[in-house]
Amino acid sequence: MTTTTTGSSIEALQEKAKAIRRHVVESIAAAKSGHPGGSLSAADVVTALYFGGVMRHDVNNPHDPNRDRFILSKGHAAPVLYAALAEAGYLPIESLVTLRKLGSPLQGHPSKVDLPIIEASTGSLGMGLSVGVGMAMAAKYKGDNFRTYVMLGDGEAEEGQVWEAAMSAPFYKLDNLVAIVDSNKFQLDGSIEQILNWAPIAEKWAAFGWHTIEINGHNMEEILAAFAEAKTITGKPVCIIANTIKGEGVCFIAGNNEWHGKAPNADECARAMAELA
Amino acid sequence: MELGKATRVAYGEALASLGAEIPEMVVLDADLSKATMSKLFQNVYPERFFNMGICEANMVGVASGMASAGLIPFASSFASFLICKGFDQLRMSVAYQGENAKFCGTHTGISIGEDGVSQQGIEDIALACCLHGFAVLVPADEHEMRAAVRAAAFHKGPVYIRAGRPQVPIIYTADVKFTIGKADTLRPGKDVTIIAMGLMVGASLEAAAQLAETGIDARVINFSSIKPLDVEAIITAAKETGAIVVAEEHINHGGLGQAVSQVVVEHCPIPMSFVNIGDRFGESGTPDSLLEKYGLTAKDVAAAAQKLVARK
C-alpha cells in the first residue's frame with residue numbers, strides 16, 4: 001500500500017524548497033543550458049506536492065497503481081521536477097548534474113521512457129492536461145482513488161489543446177484532478193501581457209466549469225491551504241492559479257525574463273548558491 | 001468479386017465482440033462514432049465508451065493517460081482529423097511514451113467520395129509510419145479487419161489501423177488470423193508481383209485475372225502490415241518474379257510503395273512500378289468515378305504490370 005508522505009512544518013518545507021532551488025541552479029549550470037526562470041517559479045508548489053503531504057507517493061513502491069500522479073506539463077521546468085524526485089529519494093542526488101548530458105535519463109524535457117518515474121513525457125506545450133484528464137477518467141472508471149495533479153505554465157495555456165482538456169474535465173466531473181497554473185507572467189519572447197494576454201485567468205477556468213483558487217504561489221501556507229481545499233471539492237475539477245515570480249529565490253534572476261532559457265556561469269552559480277544557502 | 005461490409009463497420013463490430021473478453025478495453029471517439037462505427041461498441045458497452053467531442057488532440061492525450069493507468073483505449077475518427085490534428089499528441093504522448101493505446105483512422109483514400117479533400121485521409125500511412133514504435137495496419141476486408149483489431153488489442157504497444165468507408169470485396173473467410181508484420185500471398189505467380197493494401201487488394205486480384213488472359217502469371221501479396229514490414233516476402237518476390245508493382249490508395253510520398261522500394265533497392269534491385277494517388281489532392285465525385293480518374297482500378301494495375309514485365 002502507498003503511504004501518505006507526512007506533512008512537514010512550514011519552515012521545513014521552505015528549507016526543502018531552498019534545497020530544490022539549489023539543485024535547479026546547480027544542475028542547469030552543470031548542463032550549461034536549461035530554463036532557470038520557470039523552474040524556480042514552480043519550486044514552492046512542487047515542494048508542497050511532494051513534501052507537504054499533498055500527494056500520496058511512496059519511494060519504496062514508486063509504481064503503485066494507486067499512487068497520486070504529477071504531470072509537469074510545462075516540461076521545460078524539468079530541473080525542478082528532477083530536483084524534487086531526487087530529494088524524495090527516487091533519484092540519486094548526484095545524478096542531478098547529469099541533466100541534459102548524453103546518456104542521462106534526465107533529458108532536457110521529461111521523458112517517461114528514459115526515466116519511468118516520470119508520469120508523462122512533456123515539452124511540446126499544451127499536452128499534459130489531456131493526459132491528466134485520461135488518468136483521472138481511468139481512475140473513475142476503474143474505481144481507483146488516486147488523484148492527478150497537472151502543472152501548466154501561463155504561457156503554455158495559450159495552446160488550444162489546453163482548452164479542449166479544460167472543457168472535458170468538468171464534463172466528466174473529474175474531482176480527482178487538479179490543474180495548477182504557474183502564473184509567472186512571462187513566456188519566452190516577453191511578458192504574457194505583451195505577447196498574448198489571456199487574462200482574466202481565474203474567470204476563464206471558472207467559465208469552463210472548474211473550481212478556482214487563486215494564491216500566492218510562493219507562500220507555503222497558501223499553497224497547502226489551496227491543496228487542502230481542492231481535496232474537499234466534489235463534482236468538478238480544481239484549478240489553482242499560483243501567482244509566482246519567474247526566477248523566484250535568486251535576486252538577479254527573479255523577474256528578469258532574460259533568464260527564461262539561459263544557464264548561469266560558474267560565478268553566477270556561486271552567487272545564486274550563496275543566496276540560497 | 002462479392003462485396004463485403006466496409007472495413008469501418010467491421011472495426012465497430014470487432015470492438016463490440018472483444019469487449020467481454022478484454023475488460024480493460026475502452027473506446028473513444030471525436031463525435032464521428034456513427035461514421036467510424038465505434039458506436040457499435042457504445043451500443044453494447046455505453047459505460048465504456050467516451051465521446052470526447054470534436055477535440056481530436058485532447059482525445060489522443062486522454063487515450064495516453066488512460067493507457068498509462070492500465071486501460072486499453074481504442075480511439076477513432078476520420079484519419080485526416082485523427083492523424084493530422086492529433087499528430088503532435090500521437091508523437092509525444094503516445095509514441096514517445098510507448099503507451100499501449102490503439103487508434104483507428106477511417107474514411108481513408110479518395111474512395112470516401114463526395115465529401116472531398118478535407119475528409120479524404122490520403123497521407124495517414126506516411127504520418128503513422130514515422131511514429132516510432134507504432135504498428136501500422138491496413139486490413140483488406142471485413143474479416144481481416146476483425147482479425148486485425150483482435151491482434152491490435154493483444155499487441156503490447158501503440159497501433160494505428162486504417163479503415164475505409166465503402167464496401168470492399170471479400171478476400172478472406174471469417175477464420176482468418178492476423179499476424180502483425182506478416183504479408184499474405186493470395187495468389188502465386190512467377191512473372192510479376194503485385195503488392196497491395198486496402199481496397200487495392202481486391203483490384204489487384206482482378207488485375208491478376210486479367211493478366212492471366214494475356215499470358216502473364218502475376219503473384220498478388222496483401223501487405224496489411226505496413227509497419228513492421230515483411231521484408232522477407234519482398235525479397236523473395238523480387239528474386240522469384242523479377243518485377244514488383246505496388247498498388248495503394250495513398251499519396252506516393254511515404255506510402256507502401258516507397259517502403260517496399262527501399263527494401264528492393266537494398267536487397268535485390270529489380271524494375272518496379274507504382275499505382276497510387278501520386279502527389280496531388282483528391283476531389284468530390286462518386287467513389288468509382290474517383291478511383292477511375294485517379295488510376296486506381298484493376299485495369300490500371302494490370303496495365304502497370306504489363307508495362308513492367310516488358311521492361312524485365
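Two residues are in contact if their C-beta atoms, placed from the backbone, lie within 7 Å. With that rule, the meeting of the two chains takes 22 residues from chain A and 23 residues from chain B. Keep in mind that this is a predicted model, where local features need pLDDT of at least 70 and side-chain atom pairs count only at pLDDT 80 or more, while totals for chains, interfaces and linings use all residues. Residues are numbered from 1 along each chain as its sequence is written, and chains are lettered from A and ligands numbered from 1 in the order in which they are written.

**Where chain A touches chain B**
- Helices α5 (128-142) and α6 (160-171) of chain A each give at least two residues to this side; helices here are DSSP runs (H or I, at least four residues), numbered from the N terminus.
- The largest share, ten residues, belongs to α5(A).
- Sorted by class, this side of chain A has twelve nonpolar, eight polar and two charged residues. Nonpolar covers Ala, Val, Leu, Ile, Met, Phe, Trp, Tyr, Cys and Pro, charged covers Asp, Glu, Lys and Arg, and the others, Gly among them, are polar.

**Helix α1 of chain A**
- Its 22 residues (10-31) should span 32 Å at 1.5 Å a residue, and the end C-alpha atoms are 31 Å apart, which agrees. The expected span is 1.5 Å times one less than the number of residues.

**Two helices in chain B**
- Among the residues that bring α1(B) and α8(B) into contact are Y11(B) and L15(B) from α1(B), plus M145(B) and V149(B) from α8(B).
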